[in-house]
Amino acid sequence: MATVFPIKPVWEDQGSSRVPFWAYTDEALYQRELERLFYRGHWCYVGLEAEIPNPGDFKRTVIGERSVILTRTADDAICVVENVCAHRGMQFCRERHGNKKEFVCPYHQWSYTLKGDLQGVPFRRGVKQDGKVNGGMPKEFNPAEHGLTQLKVAVRGGVVFASFDHDVEPLEDFLGPEMCAYFDRLFNGRKLTILGYNRQRIPGNWKLMQENIKDPYHPGLLHTWFVTYGLWRADNKSELKMDAQFRHAAMISTRSQQAATSEVTAGVTSFKAGMEVNDKRLLDIVQEPWWNGPTAVMMTVFPSVIFQQQVNSVSTRHIQPNGTGSFDFVWTHFGFEDDTPEMTQRRLIQANLFGPAGFVSADDGEVIELSQCGFEQKPNHRTVAELGGYGVDNTDHMVTETLIRGMYNYWRKVMDV
Amino acid sequence: MNTLDFETWQALNRLYAAYAQAVDTAQWDQWVELFVDDCDYRVQPRENHERGMPLSTLALLSKGMLRDRVYGIKETLFHDPYYQRHVTGVPLVERVEDGVIVAQANYAVFRTKLSQESTVFNVGRYLDRIRITPEGLRFEQRHCVYDTEMIPNSLIYPI
């Protein structure tokens, strides 16, 4: 009989279809994930330009577990700096958003430009008293060496990504041409309007949220809404696509107009043939020209964000890990500058399907929490993500777990596991 | 005018108590019946409310939508079972206009999962418009504006 707790976690199989439970529970591995996935070699989501429309606007957010601030400077540049004072390390910015001319750490009043350059150090040249100068910073103290940590920034279609790693590849290469095309479909240059936020803390490993949106197997089973109304069903016309390294993915689907066939609903206990919404506005779907066909494109950009288009509801979902068994999930719902008031209202009503209380998303958080419970119970066990085989390929159907295998194929390489 | 005659004041308090009882005892059909047909029920983060952002966590804009939520709770949403317990403060009546009482009250909701301790689930205040109808007082608006910065995983039942 195998031990319940691994003596030394080793992933023995060659493939990526059987993910060890300890990949979700091991503290040392988690720190390696922060280091190698969130802080090095990857672009992480920080926000939307529309959140900081005016010079001086800022928004506090996180990359991995590191607090950062997204700013728009007086000369309209988008910057991201780390929220840690260069002096004594205080996390000085407490407001989550606002407008400022400069950042001042309250502890000793060191002040910084919105780009993160140190501009003021009280008593730097000492304090005169009785004809002599007391204290002060050493002569050779150079403010240029003591700014806030400045991150590399990339903006595309109004979406801001940042990286602590200044050697990270260009964003376009990071996403790859196919993911770029789906990204540009949603963020096609129109100005975005922010509709608001939803924030939830999900007691599960952060990777489970990536997997949830790389798993087209569950929506037609867990989510009655999706099955019954054809929004996401095994017989939908669909494609699954990845970047060349299998880390990012898009699940592309077109809603079935016809009634569900018996094959995809037979034995599916969540399918409710008689179900009909009382208020049709919940499913008042209006085709938008930019869709170019698909009614849903769910895009996972590894490791930090999900871009959602589900019919008329569009949002970013930011993954903010805090420990092996918990992450914060921040939803930013938006619209476009040319939306009619009716379209804005439609997006807001369809938002009932998503978020922490959503008709379809609330259960995702629940199954993630309970998966984590299972992992922690016996870390030496493993999952079986073998629907559609063992390999990693793009497909023209959704009866497969290929995207999860793709993600772990990449994860094993970067993590040396 | 911001005072009610004793009878109306009593009816208002009874409505608040009936609401808490309905949502704490999972009497979802009773919950629906406390609203008028063209009602507006929202659960919204304080952040969105104060920044003038329209997004709600739940936005049910008719009695039909309330029924759709009830169907979701009963039939479609998978979730870990839990009890909820509301403690609602004394209503503050702001004004009465055209047969509508505009009032607000603080609330706290505790959640208890099976085999777990009780925890604070959601706290905030109700922003209400209550219509005086021949059948008694009914909500035409209940906005639950919550302080709770992080929803502990998911929110299934109405607040």
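This is a predicted model: local features need pLDDT of at least 70, side-chain atom pairs count only at pLDDT 80 or more; totals for chains, interfaces and linings use all residues.
## Cavities overall

The structure has 7 cavities of 30 Å³ or more.

## The largest cavity

The largest cavity holds about 140 Å³ of space. Its lining consists of 15 residues. Those nearest the centre of the largest cavity are A:I213, A:F226, A:M298, A:Q310 and A:D364.

Sorted by class, the lining of the largest cavity comprises 8 nonpolar, 5 polar and 2 charged residues.

## The second largest cavity

The second largest cavity contains about 70 Å³ of space. From chain A, its lining includes A:Y197, A:N198 and A:R199. From chain B, the lining includes B:P45, B:R46 and B:E47, along with B:Y146, B:D147, B:T148, B:E149 and B:I151.

Two elements each supply at least two residues of this lining: β13 (192-202) of chain A and α3 (46-51) of chain B. Of these, β13(A) gives the most, with 3 residues. By class, the lining of the second largest cavity has 5 charged, 4 nonpolar and 2 polar residues.

Is B:F110 buried, exposed or partly exposed? B:F110 counts as partly exposed because its relative accessibility is 33%, and that class lies between buried, under 20%, and exposed, over 50%.

Note on methods:
Residues are numbered from 1 along each chain as its sequence is written. Chains are lettered from A and ligands numbered from 1 in the order in which they are written. Side-chain values use heavy atoms; hydrogens and water are left out. On a 1 Å grid over the protein atoms alone, a cavity is a set of points where a 1.4 Å probe fits but cannot get out, and a pocket is an open set with protein on both sides within 12 Å along at least five of seven lines; lining residues have an atom within 4 Å of a point. Grid points are joined across faces, edges and corners, and a volume is the space filled by probe spheres set on the points. Ala, Val, Leu, Ile, Met, Phe, Trp, Tyr, Cys and Pro count as nonpolar, Asp, Glu, Lys and Arg as charged, and the others, Gly among them, as polar. Helices (H or I, at least four residues) and strands (E, at least two) are DSSP runs, numbered from the N terminus. Buried means under 20% relative accessible area, exposed over 50%, partly exposed in between (1.4 Å probe, protein chains only).
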